[in-house]
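This report describes the structure shown below, beginning with the contact between its chains and moving on to individual residues.

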2 protein chains.
Amino acid sequence: MKEYIKHDEWSIIEEGFIPEYNKISESIFSIGNGRMGQRANFEENYSGEMLQGSYVAGVYYPDKTRVGWWKNGYPEYFAKVLNAPSWIGIDLKVAGNTLDFAKWKVLDFRRELNMREGYLHREATVEDDKGRQLKIDSKRVCSLTDPEIGVIRYTFTPINFSEKVDITLSVDADVMNEDSNYDEKFWDEVTRKSEKSTAYIVAKTKKTDFHVATGMKFQVTEGSKVMDLEPETHSQEKLVSNSVKVFAREGVEYSVYKYAAVVSSEYHGKKGLGEKCTEVLERALRTGFDILVENHKNAWANKWEESDIVIEGDVAAQQGIRFNIFQLNQTYTGQDERLNIGPKGFTGEKYGGSTYWDTEAYCIPFYLSTAEEKVSRNLLKYRYKHLERAIENAGKLGFTDGAALYPMVTMNGEECHNEWEITFEEIHRNGAIAFAIYDYTNYTGDEEYLKEYGLEVLIGISRFWSQRVNWSNSKNLYVMLGVTGPNEYENNVNNNWYTNTIAVWTLKYTLENIAKISKDDPTVWNELSSKLSYNKQEGEKWSDITEKMYFPEDSERGIFLQQDGFLDKEIIKVQDLEPSNLPLNQNWSWDRILRSCFIKQADVLQGIYFLDDHFDIDTIKRNYDFYEPLTVHESSLSPCVHVILASKLGYREQAYQFYLRTARLDLDDYNNDTEDGCHTTSMAGTWMSFTKGFGGMRVKEGKLHLNPYIPEQWSRYDFSIRFRGSILHVAVDKNEVVIRNTSDKDVEVTIYNNVVMIESEKSNSVSTQ
Amino acid sequence: MKEYIKHDEWSIIEEGFIPEYNKISESIFSIGNGRMGQRANFEENYSGEMLQGSYVAGVYYPDKTRVGWWKNGYPEYFAKVLNAPSWIGIDLKVAGNTLDFAKWKVLDFRRELNMREGYLHREATVEDDKGRQLKIDSKRVCSLTDPEIGVIRYTFTPINFSEKVDITLSVDADVMNEDSNYDEKFWDEVTRKSEKSTAYIVAKTKKTDFHVATGMKFQVTEGSKVMDLEPETHSQEKLVSNSVKVFAREGVEYSVYKYAAVVSSEYHGKKGLGEKCTEVLERALRTGFDILVENHKNAWANKWEESDIVIEGDVAAQQGIRFNIFQLNQTYTGQDERLNIGPKGFTGEKYGGSTYWDTEAYCIPFYLSTAEEKVSRNLLKYRYKHLERAIENAGKLGFTDGAALYPMVTMNGEECHNEWEITFEEIHRNGAIAFAIYDYTNYTGDEEYLKEYGLEVLIGISRFWSQRVNWSNSKNLYVMLGVTGPNEYENNVNNNWYTNTIAVWTLKYTLENIAKISKDDPTVWNELSSKLSYNKQEGEKWSDITEKMYFPEDSERGIFLQQDGFLDKEIIKVQDLEPSNLPLNQNWSWDRILRSCFIKQADVLQGIYFLDDHFDIDTIKRNYDFYEPLTVHESSLSPCVHVILASKLGYREQAYQFYLRTARLDLDDYNNDTEDGCHTTSMAGTWMSFTKGFGGMRVKEGKLHLNPYIPEQWSRYDFSIRFRGSILHVAVDKNEVVIRNTSDKDVEVTIYNNVVMIESEKSNSVSTQ
């Protein structure tokens, strides 16, 4: 845990340069716009510890699988998020002496991520070995409004000297992934061009053949005057640059405006990609830095209007929640249904892949409430478009007749991961994908989605479940053997309650929807059922499973059992463990973790969270009281679910403590791994724990329900949500809950079980409970 | 399955050169002498498919672990059997044209492994592109009597030409392992010397710093006359050679006698290793080819006298069993307690490591019966000497107070393997190591071993078991969670019956021996118990576990359950599977295998085999009848256990079928993997299935029992065993069993439950049943 980030409501601020924390800061101060993003690397060459990272959404490389012992069914490759060509390079040579923050003396330093306006800003004063002091001010943006454009204004001011300064601006495609399995480079050059004040490289990825053109244009001003300079061009394989020389006079500000364009074959033809890049560069230059930055700021203002959460009385908490929201919004904008949300967003390359069940279980609720319907719909369609691949994937594991198993980790629909206990057995992910369809439909009321796409996915998944269970003669019930639940501290168990529950839930939900659609819209259903060769016997089998599924329970304690045999374990509470054992994943061998009772993240409780309406409060309490004390929360996805359930059970102090653990996870580098990148998907869990936990937000039968309370430590909070065309702002203080509707649509809200109408452009309030 | 090996009682013969089978033949025709060994690579450079392999017993390299996803507790390296410098190289250049069996026409070809005399012989006629025909005859031996010496007589005869022939003899240390994790070479040169007709290289292994000097001397004869030649010497890093030119005349035989020495720092000081090598070379040359080969042949005659099995009426079976015995005898001679038996012996590099539980479960019975007591005693002492490491290994997994967990795979006592479900969970290996102490003591009557070494190992293992179980409040019994049994087609199961059984057996056996030794020899016990800080409470805990251990059973079927929940599986017999599913390990994904009922190798039946006296015949039958039909025998170690149990149950035809499957496994390349090397340890299983299966051999309370029968397909067989100082030859035909005692010690044998005295140098017979 580190606490070097200054607390501030709207900005992330680092004051004073701490080289050992540089990689952490590079992660935290990352910027992006949904189409591209980058770690907060310096513009100047930096010889200290750093992790170079520029990413273009959807551009990946299938890195050959590395494994110790091969198991049948493993995928051939792991799709890696690619470190892409870098456009940020601006190097200064002062009287022949190259500026390097690792070698020059850094007299003062301030890095700021301004979340309100979405820019990265760095100010520093540096001194070379001759005592020459230079002031640096750099401001950088990946434009939200024109997402193929990035801009930098890089200003330097000689403080105590006048000297010749060489400025070199580059585009560098000679980059590699730190996380490459076989130390290969993944980019080949296609073409490059280096002309005076315009340069680009078109590079393509090996194997996947994505083409990306990365280019730059620039201007230099002295004071407010554009300088007329004669750039020298350089060009070598995978590197193009321009150099200019200025005689920099003491006290005068020199600004380099670097305009960058990143255009890829995902949106343009491969032919003429260089020309396309030039076109975008020209547009950027024409628009100019100030207007680009202004537009970008306005776009952020809109995002904040929809998704901001205000906390009063706790700056650290305020900064934390905004940081989570900021990262989510700059990672995924929902414009492109081919994209998804990687576990590290644009902040690092670790874990590769782009899509885990995190998207459905944690991210969709965030986008459902904070963005237009299309955004979460696109996330669902992403899976719909991968259905064919999910069927192939299930086929590799021996399933037939259209059974679909979605991959644990994927970029293009194919499985990437290669641990048998996860890849082949952590199949509950299929349930989360089905549940997200319910979640979306329930929240938005968009029944059309089911007809067009959703039911097809549900049928594929139901087919999988019905083949994955088997009849146990010994129990006279259906069982599901050999699975790994959400609690990955158990592997290859039988009858994981959560998985059995979500499987049966899927089958029921699929059957309900078949019944409904076949009645309401027989044409649609007939077409679909014939396309899928669905037959009634299938449905009967599913129905049989829903009636005769085995669920492990302990009747004495009145709890669901995480899996068969759970109570054969020695049951010890985490609080009774010597603290030196924690975190278990760093201190215990894997077998010891597996046979212990300790739980990595919500498992039975994940099921209770998803389906909390299906259980009475006493059942929820008994299970929570049994499982939470056994849970070590060593997944970043764990605390949020517990905030929500603890809130429901009135365990307010515990909810608050869990909330703190999730909200500043990266800002305080809680797990000592932020240097690899931020925990982007878990940020959605933070948001969820706020709104569903403190806010008590639920949607039941098309109606919004709220049960807000305020943690003792705060004086006031408010959050904003979209709901079926209305935009609501829920403000809570110790006395009252005020709901303001800033949309043109009236909406009925159930607050503390009382139905209240919130009219358009009006607000309503009730006393806080 | 291939059937290109000619059937012969005493030799393995390949006629006609089949390049696609060359790697298989290289494995099958391997030779060794317990200290070194090699694949049957050609002396000449061969540009076709081949796997170079020379091995020096005990010389290994710790290759950095390669793994996809790291788990706490994984070892840092995997100890690899090292491909060592090669001394066999003899290259011919005929009129400037290099002989290469891949490029010249092979007119005739015969490769023979003469098992009676222990040599490799190759005859061929080859023709170059000018029509020059050359006869080749090469005979090679790794001397059993002087195990640092290898010799080759390589004879060539021009058939239809007279030409200048360049002969180059080399020692090549520039070798690598095909199975290297990171494509590194593992040898560095220390020194080299290349003088006229003597050359050597001293090379050392990276990291482990084993030094090995590999050298050669040679003579060339024309007809029977030694030629006086002036060799040209060559020397470059890791390669030394001598070349001589002869003018070879049509019809005349030219023989190259190449004497090699391999001396290592395991037996000699590192300093002066080159001189030591020269000394051995001089001795070899002095002794001469003929006498070396004669001595070697006599040593083999002695080995056969002790361990041969004769089968009449079935040449294929005869060849098969001799091949197994031959390989075992040339892999391990029991002279050095630091050595053990690798899964591939000296026939390949795959699987690395040297020691698996195969040694205790399969190999020890072979050496107990066919070699002097010291040999199996040394195999036990190998583990005794690793006890400290086994305690460290257990410590890494969180066990304390002297608990010992022997590694799954090891070279030096440290764990090498890195699959969590095996490395951490396949802990039954500890039981096999304890059981081997019983097996040895029971067979030999050597009670001293227990006092000196055995009990200390038993206490370490018992401590492990007592910490590895836990009390289940739900069952009110002890349980053992999270294990993998011998059937590796189940991972991370609870209460594997075999593991629970062998654990409880160990605890009982340890307690018995503590009781016995503390009574018979209190001084020894007091010393040991104080050295080990053993206290009575430990023993009481062990005793409690033996009384209150849980064993999964199905009372309805009257069988032991392989593990908790086994009967929740869909129970299908292998014979009811579509044959296209088999072998499962090539056709099914891992999860499908895991949740199926199919069994890789004896598991419950392994326990019943070990402890068959503990169960009545009906219990054995019920378990066999239930489990065997579910078993796919996809481990080479499976059929042998089934031969023994089937024999006991009177399932003679089934026993015979299983026997065939194990006896010619490599000769017929049954599993399509002999090219990687032979299944050396499973060969001991073959031997065991013969003597304990067909022979019905057991030792009970110090007495030898036999219950022989003869498979219908054979007319007669006999096998030889040592037993407590006597040497017995058991001949069985359809009518009678004749037991001949060729030792000077009388021995009492129980045949078909009748006690018979077999006096020294006499024989006795009974009717066959």
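## Interface between the chains

Buried area is the accessible area, taken with a 1.4 Å probe, that two parts lose on being put together, summed over both. In this predicted model, chain B and chain A bury about 3,800 Å² between them, and carbon and sulfur atoms account for 50% of that area. The contact draws 47 residues from chain B and 45 residues from chain A.

Polar contacts between chain B and chain A number 24 residue pairs, counted where both residues have pLDDT 80 or more. On the side of chain B that touches chain A, the elements giving two or more residues are helix 8 (420-423), strand 22 (470-472), helix 14 (584-587) and helix 15 (590-595) of chain B. Helix 15 of chain B gives the most, with five residues. By residue class, this side of chain B divides into 16 nonpolar, 16 polar and 15 charged residues.

## Salt bridges across the interface

Six salt bridges are found across the interface of chain B and chain A. One salt bridge pairs the side chains of A:Asp568 and B:Lys475, at 2.5 Å from N to O.

A salt bridge also links B:Glu419 and A:Lys71, with their closest N and O atoms 2.4 Å apart. This pair crosses between chains: B:Glu419 lies in the loop between helix 7 (387-396) and helix 8 of chain B, and A:Lys71 lies in the loop between strand 5 (60-64) and strand 6 (77-81) of chain A. Both B:Glu419 and A:Lys71 are buried.

## Salt bridges in the whole structure and in chain A

Over all chains, the structure holds 117 salt bridges. Among them is the pair A:Glu189 and A:Arg192, whose closest N and O atoms are 2.6 Å apart. A:Arg192 is partly exposed, with a relative accessible area of 33%.

A:Lys270 and A:Asp209 form a salt bridge with closest N and O atoms 2.8 Å apart. A:Lys270 is in the loop between strand 20 (254-264) and helix 2 (273-287) of chain A, and A:Asp209 is in the loop between strand 15 (198-205) and strand 16 (211-222) of chain A, so the pair ties together parts that are 61 residues apart in sequence. Both partners count as partly exposed, A:Lys270 at 41% relative accessibility and A:Asp209 at 28%. Elsewhere, A:Glu43, A:Glu44, A:Arg122 and A:Arg140 are joined into one network by salt bridges that share partners.

## Nonpolar core

The largest nonpolar core has 467 residues, of which A:Phe156, A:Ile167, B:Phe156 and B:Ile167 touch the most other members. Leaving out residues up to four places away in sequence, the contacts of B:Phe156 include B:Leu92, B:Leu134, B:Ile136, B:Val165, B:Ile167 and B:Val246. B:Lys135 and B:Glu253 are also among the residues that B:Phe156 touches.

## Backbone features

A cis peptide bond joins A:Leu582 and A:Pro583, with omega about -10 degrees. A:Pro583 is placed in the loop between strand 25 (559-560) and helix 14 (584-587) of chain A. In chain B, a cis peptide bond joins B:Leu582 and B:Pro583, again with omega about -10 degrees, and B:Pro583 lies in the loop between strand 25 (559-560) and helix 14 of chain B.

Positive phi values near 55 degrees occur at A:Asp401 and at A:Asn495, neither of which is glycine. A:Asp401 lies in the loop between helix 7 (387-396) and helix 8 (420-423) of chain A and counts as exposed at 63% relative accessibility. A:Asn495 is found in the loop between strand 23 (477-479) and helix 11 (497-520) of chain A, where it counts as buried at 0% relative accessibility.

B:Ser86 is located in the loop between strand 6 (77-81) and strand 7 (90-94) of chain B. Its relative accessible area of 7% falls under the 20% cut-off, so B:Ser86 is buried. Beyond its neighbours within four places in sequence, B:Ser86 is in contact with B:Gln52, B:Ser54, B:Ser170, B:Val171 and B:Asp172.

A:Ser647 belongs to helix 18 (residues 638-649) of chain A and is buried, with a relative accessible area of 10%. Not counting residues up to four places away in sequence, A:Ser647 touches A:Ala655, A:Gly693, A:Phe694 and A:Tyr709.

Key:
Residues numbered from 1 in each chain as written. Chains lettered and ligands numbered in written order. Predicted model: local features only at pLDDT ≥ 70, side-chain atom pairs only at ≥ 80, totals over all residues. Heavy atoms only, no water. Core = buried A, V, L, I, M, F, W, Y, C linked by side-chain atoms within 4.5 Å. Buried < 20%, exposed > 50% of the residue type's maximum accessible area, 1.4 Å probe, protein only. Contact = heavy atoms within 4.5 Å. Salt bridge = Lys/Arg side-chain N within 4 Å of Asp/Glu carboxyl O. Polar contact = N/O pair within 3.5 Å; in protein donor to acceptor, adjacent residues only side chain to side chain. Helix = DSSP H or I, 4+ residues; strand = E, 2+ residues; numbered from the N terminus. Nonpolar A, V, L, I, M, F, W, Y, C, P; charged D, E, K, R; others polar.
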